Amino acid sequence: MVVGKKVVVLDYGSGNLRSAERALARVGADVTVTSDFDTAMDADGLVVPGVGAFEACMTGLRSVRGERIIGRRLSGGRPVLGICVGMQILFARGVEHGVETEGCAEWPGTVERLEAPVLPHMGWNTVKAPADSVLFAGLDAATRFYFVHSYGVREWELHAGEGFAEPLVTWAEHGVPFVAAVENGPLKATQFHPEKSGDAGAVLLKNWLGTL
């Protein structure tokens, strides 16, 4: 039962906070938008949104100790969901306009500009999810999600090793293939905006709530 699960949308000065709040509330979450450290730590689930530049998002995140909140939650197996740039900052680094910025480094890899005839990648696109995905359960291959971005992770660098399983990686394509979502134990993330993806996004968010 997902109704009443306490979810914090982390407010660090970036992201579609209210649309994320409304979308989560619609699928039954008890949502708080806050930058408070203890409230974010105590929630059943933490959502890290993000729009704009990687460097600006990391600056905002550090201003509320967000990277520590994420790290400490994950070390205790507490769920975190990153959205759009909130997914990108989970990787080791971002490169925009020749500027390299250190990310949270929960995953290795680089966020870089997509190679495509038209940027930003804006609009609806299908994804290729693994068969055993939890986030995409109940959604078929023709399902479309809403993307707005010019940067992404074009190469997945974390593979199964001793003591941990291979994360589930979902791909999409715009000019080149890029990572559209990741499911890695308590840490999950989407490059697209589930809160702007209509019924499909609602199913994904409800699936995530079901893991809390």
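Which residue just after H4 takes a positive phi? In this predicted model, the residue is Gly77, with a phi of about 75 degrees.

**View 1. Helix H4 and its buried residues.** Helix H4 spans residues 66–75, and within this helix Gly66, Ile69, Ile70, Arg73 and Leu74 are buried. These residues lie on the same side of H4, because they cover an arc of only 120 degrees around the axis. Just after the helix comes Gly77, with its positive phi.

**View 2. The largest pocket.** The volume of the largest pocket is about 170 Å³. Its lining includes Val51, Gly52 and Ala53, together with Cys84, Val85, Gln88 and Glu96. Val148, His149, Ser150, Tyr151 and His193 complete the lining. Two elements, helix H5 (85–88) and strand E9 (144–149), each supply at least two of the lining residues. By residue class, the lining of the largest pocket consists of six nonpolar, five polar and one charged.

**View 3. Gln88 in helix H5.** Gln88 is part of helix H5 and also one of the residues that line the largest pocket. With a relative accessibility of 2%, Gln88 counts as buried. Beyond its neighbours within four places in sequence, Gln88 is in contact with Phe54, Val111, Tyr151, Gly152 and Gln191. Of these partners, Tyr151 is likewise found in the lining of the largest pocket.

**View 4. Cysteines without disulfides.** The structure holds zero disulfides. For Cys57, the closest cysteine sulfur is that of Cys84, at 8.3 Å, which is too far for a bond, since a disulfide requires sulfur atoms within 2.5 Å. Cys104 is in no disulfide either; the nearest cysteine sulfur to it belongs to Cys57 and is 10 Å away. Both Cys57, at 1% relative accessible area, and Cys104, at 16% relative accessibility, are buried.

Definitions and conventions
Residues numbered from 1 in each chain as written. Predicted model: local features only at pLDDT ≥ 70, side-chain atom pairs only at ≥ 80, totals over all residues. Heavy atoms only, no water. 1 Å grid on protein atoms, 1.4 Å probe; cavity = no way out; pocket = protein on both sides within 12 Å on 5 of 7 lines; lining within 4 Å. Points joined across faces, edges and corners; volume = space filled by probe spheres on them. Helix = DSSP H or I, 4+ residues; strand = E, 2+ residues; numbered from the N terminus. Nonpolar A, V, L, I, M, F, W, Y, C, P; charged D, E, K, R; others polar. Buried < 20%, exposed > 50% of the residue type's maximum accessible area, 1.4 Å probe, protein only. Arc of directions from axis to C-beta. Contact = heavy atoms within 4.5 Å.
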